[in-house]
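Here's a walk through this model, taken one feature at a time. Keep the viewer open and follow along.

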Amino acid sequence: ARAMWKRGLHPTLTLVAGESRLKTQRHPFPTSSPLGGRAMLVYCARRQGLYANLTRFVYFRKPTSEEGKLHDDLFLIEERILAASRKGLSLDDGYWVLEKAYADFGHAGEIVRHHQGGTCGYLSRETVATPTTIETLDVNMAVAWNPSLAGAKLEDTFVIRENGLENLTEIQGWPSVKVDGLPRPSYFIKE
C-alpha cells in the first residue's frame, strides 16, 4: 500500500492470506496470522478516479505439484474468458463461458464459491458477471475477471481494445507464463 501511495495510487482494498487460510478465504481480510509457506495478495487501487484490480501469489518455498496444478488450471480457465472479452460479449454470456471452463478443467461448481469479476472503471467492480447480468462489453471498457479455486486465484485489469486486450496491471519483472500469447502472472518464489 505504501508503494502505491508513492506512485500516486490510492489503495482502496488490500487483502492478504497466508497459507493456513488460502483454501478457505478467497477475499481474505489481513490478520496477524503468520504467512507460512505462501501468500495471496489482492489489491484494488484508484488513480484519477479510475480503478484497477490485481491478485498475486508469493511462495516462500517451492510450490507442491497440487498447488502448481491449481495455478495451471486457472490459466486455462482464465484463457477462455480473456479470449471471449471482446466488444459485444454480455456479462451473462461471460459467466457461462467461465462456468463451462471450470467444468472442462475438472472444477465444476467452483464458480459459485466466489464472484467472477466483471467490468471496472469508476468503481472497483461496476458490474459483476452473473447468470442474469445483461451489460455488454465494448471497446475501451475495462474488465477485471476473478477466477479462483481453493488456494489459487487470478486477477488483472484489462482494457478492451479493437485489436485485443491491454493489461493495465502487468508488473514488469514479475514471473509470468504465456497463455494464448498473453503474459499471465505466475507465482513469485522468494527463498
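**Pockets, cavities and rings**

The largest pocket has a volume of about 770 Å³. A pocket here is an open set of points on a 1 Å grid over the protein atoms alone, with protein on both sides within 12 Å along at least five of seven lines, and lining residues have an atom within 4 Å of a point. Grid points are joined across faces, edges and corners, and a volume is the space filled by probe spheres set on the points. There are 25 lining residues, and the closest to the pocket's centre are M4, L9, A45, L54 and T169.

Before going on, a word on the ground rules: this is a predicted model, where local features need pLDDT of at least 70 and side-chain atom pairs count only at pLDDT 80 or more, while totals for chains, interfaces and linings use all residues. Residues are numbered from 1 along each chain as its sequence is written, and side-chain values use heavy atoms, with hydrogens and water left out.

Helices (H or I, at least four residues) and strands (E, at least two) are DSSP runs, numbered from the N terminus. By class, the pocket lining has 16 nonpolar, 4 polar and 5 charged residues; Ala, Val, Leu, Ile, Met, Phe, Trp, Tyr, Cys and Pro count as nonpolar, Asp, Glu, Lys and Arg as charged, and the others, Gly among them, as polar.

The largest cavity has a volume of about 70 Å³, and its lining includes T55, R56, F57, H71 and F75. Strand β3 turns up again here: β3 and α2 (65-84) are the elements that give two or more residues to this lining, with β3 giving the most, 3 residues.

The second largest cavity holds about 30 Å³ of space. Among the residues around it are L22, Q25, M40 and K153, and the elements giving two or more lining residues are β7 (148-149) and β8 (152-153).

On to the rings: the structure holds 3 aromatic pairs. One of them joins Y95 and W96, edge-to-face, at 5.2 Å centre to centre and 90 degrees between the planes. Rings of Phe, Tyr and Trp (its six-membered ring) pair if their centres lie within 6.5 Å; planes under 30 degrees apart count as stacked, over 60 as edge-to-face and the rest as tilted. Y95 is buried at 9% relative accessibility, whereas W96 is partly exposed at 39% (buried means under 20% relative accessible area, exposed over 50%, partly exposed in between, with a 1.4 Å probe and protein chains only).

W174 and F188 make a tilted pair, because their planes sit at 35 degrees, with ring centres 5.4 Å apart. W174 lies in the loop between β10 (164-167) and β11 (176-179) and F188 in strand β13 (residues 188-189), so the pair ties together parts 14 residues apart in sequence.

Stepping back, the protein has 3 helices and 13 strands, and buried residues make up 49% of its 191 residues.

Technical notes: 1 Å grid on protein atoms, 1.4 Å probe; cavity = no way out; pocket = protein on both sides within 12 Å on 5 of 7 lines; lining within 4 Å.
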